Amino acid sequence: MLRVDINLVFTIINLLVLYLLMKKFLFGPVVAVMEKRKAMIEEQFANAAAAEKNANELKSQYEDTLKTANADADNIIQEAKTTAKTEYDRIVSDANSQAGKIIENAEKTVVSQREKTLRGLESQIAGLAIDTAAKVIGEQAGSLDNAKLYDEFLNKAGDAHDTDIN
Amino acid sequence: MNSLLEELNCETVFTIPVFGGIGVSEAVVVTWIIMAVLVVLCLCLVRNLKVENPGKKQLMLETAVSGLYNFFEEIVGEKGRRYIPYLSTVAIYIGIANLIGLFGFKPPTKALNVTAALAVMSIILVEYSGIHAKGVKGWVKSFVEPSPIIAPINVMELFIKPLSLCMRLFGNVLGAFVIMELLKIVVPLFVPVVFSCYFDIFDGLIQAYVFVFLTGMYIEEAVEEA
C-alpha cells in the first residue's frame, strides 16, 4: 500500500509504453482520419465556392453579351431602315425622272409625228395645187410655149416633193 | 481484520530473480492487464477507418476522441495541443484503473507507487512543456515571475503540485476502498451495491477527471505564460 520502490519505475515505464501504444493505435489513426475528412470537406467547400464564382462570372458575361446583342440588333434594324428609306427614295425619284423622260419622249414623238403629218399634208396639198394649177394653165396656154413654165414648176414642186418623202 | 489488511496491501505477485529479487507488485500486473485490454480494444476499433462514409463504430470512436480533444483543448489551450494524447491516455488509464475494482481486481491507483508515478510523470510533462514553449531561459525566468520574492514558492510548487496530485488520487481511492470493505463487513447485502456506485464509479471517474484536469491546467500555465 504505502510502498514506494522499484514498482514506481515499472509504472512509469508502463505509462510511457501505454502512451506510445495509444498514440500509435488510437489517437494517431483516428485524428489522421478526422483531419483528412476535414481537409476533404474544406476542399469541397473551396471547390463549390470557386464553381459559384465561375458561374457568376459567366452569368455576368452572358448578361453583358445579351445587352450588347440587343444594342447590336437595334443598330442593325436602324441601319436597315435608313438603307431601305434611301433606297426607296432613290427608286421613287428614278421612277419619277424616267416617267418624266418617257412622257417627254412621247410628247416629242407626238410633235414630230404631227409635223410629219402636217408636212405630208402640205406636200399633198401642194401637189393638188400644182395639179389644179397645171390643169388651169394647160387649158389656157398652148402646148410648146408653156412647156418651159411647166418644167420650171415641176422642178420646184419636185424638189419640194422629194424632201417630203424623206 | 486480517483479511482487510491483506486486501489493503498490494502484494508482490512474482519476483524477478535478478539483483537479489525484484518484486513486481500487483498494481503493475493489473496495469499490464489494462494496457493489454486497451491495446486490443484499440486494434479492434481502429481497423478499417474510412474518410468517407464512416460506420457506426467509427463514428462512436471519433465522437469519443474528438470529445477528449475538445475537452482538453479548452484546458491546455492551442499551444498545449500536442500534450492531449498523453492527457487522454492518462485519463483513460486512471478511469479504468479506478473502475477495475468492479471486476474483482485491486485498483492499481490504490497503490502509492502508481499514483506517485503518475504524479512524477505529470510534473515532468509540465516542466517539459514549459521548457518546450519558452526555452530553458524562459523556463528558468518563469520561476521569478511575477516577482522574485515568490521564487521559493515557485520552486516549492515543483514538489507540491505532484505531491498533491499523487496524494489526492491515492487518498480518494484508498479511502473509498477502505469504506467499501468495512461496509461489506457490516452490511453484506444490498447496501454495498448502492455505495459502490458512488465510491467505485462516480468517485473513481471524478478522480480521473480531477487528475488530468489539474495536469492540463499546470501545462496551460507553463505554456501560455510566455
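Predicted model: local features only at pLDDT ≥ 70, side-chain atom pairs only at ≥ 80, totals over all residues.
Me: OK, chain B then. At what angle do helix 5 and helix 7 of chain B cross?
Reply: Roughly 20°, with their axes coming within 8 Å. Helix 7 of chain B covers residues 191-224. Helix 5 and helix 7 of chain B are therefore roughly parallel to each other.

Me: Left-handed or right-handed, that crossing of helix 5 and helix 7 of chain B?
Reply: Right-handed.

Me: Which residues meet there, between helix 5 and helix 7 of chain B?
Reply: From helix 5 of chain B you get B:Leu118, B:Ser122, B:Leu125, B:Val126, B:Ser129, B:Gly130 and B:Ala133. Facing them, helix 7 of chain B puts in residues including B:Phe211, B:Tyr218 and B:Ile219. By class that contact has nine nonpolar and four polar residues, with no charged ones.

Me: And how do helix 5 and helix 6 of chain B cross?
Reply: At roughly 145°, again with axes within 8 Å. Helix 5 of chain B is residues 112-141 and helix 6 of chain B is residues 151-186. The crossing is right-handed. Among the residues in contact are B:Leu112 and B:Ile123 of helix 5 of chain B, plus B:Lys161 and B:Phe170 of helix 6 of chain B. The tally is 13 nonpolar, two polar and one charged.

Me: Switching topic: how many residues does each chain give to the contact of A and B?
Reply: Chain A gives 30 residues and chain B gives 36. On the chain A side, 22 are nonpolar, three polar and five charged.

Key:
Residues numbered from 1 in each chain as written. Chains lettered and ligands numbered in written order. Contact = placed C-beta atoms within 7 Å. Nonpolar A, V, L, I, M, F, W, Y, C, P; charged D, E, K, R; others polar. Axes fitted to C-alpha atoms, helices over the stretch in contact; angles between N-to-C directions. Helix = DSSP H or I, 4+ residues; strand = E, 2+ residues; numbered from the N terminus. Left-handed = near helix turned anticlockwise from the far one by under 90°. Parallel < 35°, antiparallel > 145°, perpendicular 65-115°, else oblique.
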